[in-house]
Amino acid sequence: MLPRLLLPFFVLLLLFPGICVKGAANGLSLWLFTLVPTFFPFLFLSNLMISYRMTDKISSVLSHIMRPLFRISAQGCYIVLMGFLCGYPMGAKLCGDFVAAGYISKEEGEYLITFCNNPSPMFLIGYIMSECMHESFSHILILTLFYATPIFTGILLAKLPFSPYYHKKTDFNRGKLNNSANFTKDMRTFAVIQKSMLDAFQTLLYLGGYVILFNILSVLCFNLFQGLPMLNYIFAGFLEMTTGAMYLKSCGLTPTIINLLIPLTTIFGGCSTLAQTKAMLTDSKISIWHYLLGKILQVVVFSLGYFFLLRWI
């Protein structure tokens, strides 16, 4: 399918060079001034912690709370924590890294990816709720619903007998460590720092490429379908959540509907986040369908929670 789309996309680049440059500039600005300063410290430090097995200490503390809820290994607890705090696609990045290194099994990675890859609190509070959503509910209520949704989804998938991720044991079997999991034994400190830094920049380059590409597509759609504004807003949210949320804010629908559509767009993450997640999972061989299943369930759970708030609060 992709080869068939390349020629039309190339033609659009030739026909609308100014629009494409504007989209690329927007994406580059978002990547350089937002994603790089936000994610680089987390990526770099997380790589160092994984290399030196420091995640074991954090995981052992978290496991007392998370194991009974999700029935995951101690290492899986660290992935859940970072996936909730650090934003897209940190949860997917850690899932892929931990499975590839042998810290967790592939089966556990497939389960974790259904709920551990989420927007960060900083992004939700500083942009989505402050800049895009109308103030019909308390920010605390909306933020609680945002994070209760993946937690509930994870518990549901782990404990329902008909779930593909259901397991009767208290946790997944620990993955068998391969040689790459212990590479720091034979490496000096500077070599570990260098490898962690290079890995962080490689991840950021992946993210930057996808952000720029989908910003170009988003701007093209917005200009091509000017006579169909509602279609524009749907496309924008479907392609890239940051731009889409801002477009949805001014789409002309009622505040109640807008305050539902923007969180649903953020929970799904858009095609840009989907592509980023797929890239982060490549080495682990985890199918992107596990991620999509989790996101569909989260959209349903959030919608039900939102209508409950409308009815009772």
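Tutor: Let's start with the rule for a disulfide: a pair of cysteine sulfur atoms within 2.5 Å. Before using it, note that this is a predicted model, in which local features need pLDDT of at least 70 and side-chain atom pairs count only at pLDDT 80 or more, while totals for chains, interfaces and linings use all residues. Residues are numbered from 1 along each chain as its sequence is written, and side-chain values use heavy atoms, with hydrogens and water left out.

By that rule, the count of disulfides is zero. Cys 116 has 0% relative accessibility, so it counts as buried; the cut-offs are under 20% relative accessible area for buried, over 50% for exposed, and partly exposed in between, using a 1.4 Å probe and protein chains only. Cys 86 is buried as well, at 2%.

Now for the helix packing. Two packed helices are described by the angle between their axes and the distance between the axes. Helices here are DSSP runs of H or I with at least four residues, strands are runs of E with at least two, and both are numbered from the N terminus. The axes are lines fitted to C-alpha atoms, for helices over the stretch in contact, and the angles run from 0 to 180 degrees between N-to-C directions.

The helix to watch is α13, residues 270-280. It packs with α14 (residues 288-312) at about 140°, the axes being 10 Å apart. What does that make the pair, oblique or roughly antiparallel? Angles under 35 degrees count as roughly parallel, over 145 as roughly antiparallel, 65 to 115 as roughly perpendicular, and the rest as oblique. α13 and α14 are therefore oblique to each other.

Which residues do the meeting? From α13 you have Thr 273, Leu 274, Thr 277 and Lys 278, and they meet Ile 288, Tyr 291 and Leu 292 in α14; contact means heavy atoms within 4.5 Å. The residues of this contact split into four nonpolar, two polar and one charged. In that scheme Ala, Val, Leu, Ile, Met, Phe, Trp, Tyr, Cys and Pro are nonpolar, Asp, Glu, Lys and Arg are charged, and the others, Gly among them, are polar.

Have a look at Thr 273, which lies in α13. Thr 273 is buried, with a relative accessible area of 4%. Leaving out residues up to four places away in sequence, Thr 273 touches Tyr 88, Met 241 and Tyr 291.

α13 has another partner in α9, residues 189-224. This pair packs at about 155°, with the axes 9 Å apart, so α9 and α13 are roughly antiparallel to each other. Their crossing is right-handed. On the α9 side, Thr 203, Tyr 206, Leu 207, Tyr 210, Val 211 and Phe 214 take part, meeting Cys 271, Ser 272, Ala 275, Gln 276, Ala 279 and Met 280 in α13. That contact divides into nine nonpolar residues, three polar and no charged.

Most residues other than glycine have a negative phi, and most peptide bonds are trans. Tyr 88, which we met touching Thr 273, is joined to Pro 89 by a cis peptide bond with omega near -10°. Pro 89 sits in the loop between α4 (74-85) and α5 (90-101). Lys 285 has a positive phi of about 65° without being a glycine. Lys 285 belongs to the loop between α13 and α14, and at 63% relative accessibility it counts as exposed. Arg 71, also not a glycine, has a positive phi of about 55°, and you'll find Arg 71 in the loop between α3 (55-70) and α4.

Technical notes
Left-handed = near helix turned anticlockwise from the far one by under 90°.
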